[in-house]
Amino acid sequence: MKMKMMMLATLLTASSAQALDKGAPAPQFDLPGLDGAVKLAKLQGKVVYVDFWASWCGPCRQSFPWMNEMQAKYGGKGLQIVGVNVDAKSDDARQFLTATPARFAIAFDPQGATPRSYGIKGMPSSVLIGPDGKVLLEHSGFREADRAELENKIQSALGGGK
């Protein structure tokens, strides 16, 4: 696990990854997914919560049930959650998904190009994108205490929150 984390850190810092500015256009991606290609461009008009995760990430196991809940609760109101897996071997991701199912879109980026384009530095990290394709929020990690704040941001992005 330590080796995987070091490899990820090297992969993510190999380029001049910079965090995205709030209000900046979200970098486009077109990745293979569990149910076919996952393209950010096809989600224009929706609020998109992009979550970068890996099979070895402990907090990811906690975030998946919450993301399933958010997708079920707000999917009909225009939310689409996309989990972008960065494992070098998609089999590792598939094993994780067997134990921790996802009821939202899953994409695979074993080369790590998408998290680099988003300036992601650790797992899990998430980016909330507005219907106009612009970054509303970038969030690192996932703790129990983050749930309410993140849900409020989603509600607000959907036009019905604080």
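Modeller: Start with the cavity, then. The lining of the largest cavity divides into 5 nonpolar, 5 polar and 1 charged residue. Keep in mind that this is a predicted model.

Biologist: Which residues line the largest cavity?

Modeller: The lining consists of Gln28, Leu40, Leu43, Gln44, Gly45, Lys46, Val48, Ile129, Gly130, Pro131 and Gly133.

Biologist: What volume does the largest cavity have, and why is it called a cavity?

Modeller: Its volume is about 50 Å³. With a cut-off of 30 Å³ or more, the count is 1 cavity.

Biologist: How many helices and strands does the protein have, and in what order?

Modeller: There are 5 helices and 7 strands. From the N terminus, the order is α-β-β-β-α-β-α-β-α-β-β-α.

Biologist: Why is Gln80 called buried?

Modeller: Gln80 has 17% relative accessibility. Buried means under 20%, so Gln80 qualifies. Gln80 belongs to strand β4 (residues 79-85). Beyond its neighbours within four places in sequence, Gln80 is in contact with Leu43, Lys46, Val47, Val48, Tyr49, Gln71, Phe104 and Ala105.

Biologist: How do you know that Ala93 is buried?

Modeller: The relative accessible area of Ala93 is 0%. The limit is under 20%, so Ala93 counts as buried. Ala93 is in helix α3 (residues 90-99). Setting aside neighbours within four places in sequence, its contacts are Trp53, Ser55, Asn85, Asp87 and Phe108. Ala93 and Ala54 are 39 residues apart in sequence, and their C-alpha atoms are 6.9 Å apart.

Biologist: What share of the whole protein is buried?

Modeller: Of the 162 residues, 49% count as buried. The accessible surface comes to about 8100 Å², and 54% of that belongs to carbon and sulfur atoms.

Biologist: What makes Cys57 and Cys60 a disulfide?

Modeller: The S to S distance between Cys57 and Cys60 is 2.3 Å. The sulfur atoms must be within 2.5 Å, so the pair passes. The structure holds 1 disulfide. Cys57 and Cys60 are both buried.

Biologist: Why is the disulfide called right-handed?

Modeller: The torsion about the S-S bond of Cys57 and Cys60 is about 85°, so the disulfide is right-handed.

Biologist: Which residues are joined by a cis peptide bond?

Modeller: Met123 and Pro124 are, with omega about -15°. Most peptide bonds are trans. Pro124 is in the loop between α4 (113-118) and β6 (125-129).

Biologist: What does Arg147 touch?

Modeller: Not counting residues up to four places away in sequence, Arg147 touches Gln62, Trp66, Glu69 and Phe142. Each counts as a contact because heavy atoms come within 4.5 Å. Arg147 is in helix α5 (residues 146-157). The C-alpha atoms of Arg147 and Ser63 are separated by 8.8 Å, though the residues are 84 apart along the chain.

Biologist: What share of contacts joins residues at least 24 apart?

Modeller: It is 71%, among contacts between residues at least 6 apart in sequence.

Conventions
Residues numbered from 1 in each chain as written. Predicted model: local features only at pLDDT ≥ 70, side-chain atom pairs only at ≥ 80, totals over all residues. Heavy atoms only, no water. Helix = DSSP H or I, 4+ residues; strand = E, 2+ residues; numbered from the N terminus. Buried < 20%, exposed > 50% of the residue type's maximum accessible area, 1.4 Å probe, protein only. Areas by Shrake-Rupley, 256 points an atom, 1.4 Å probe, with all protein chains shown as cover. 1 Å grid on protein atoms, 1.4 Å probe; cavity = no way out; pocket = protein on both sides within 12 Å on 5 of 7 lines; lining within 4 Å. Points joined across faces, edges and corners; volume = space filled by probe spheres on them. Nonpolar A, V, L, I, M, F, W, Y, C, P; charged D, E, K, R; others polar.
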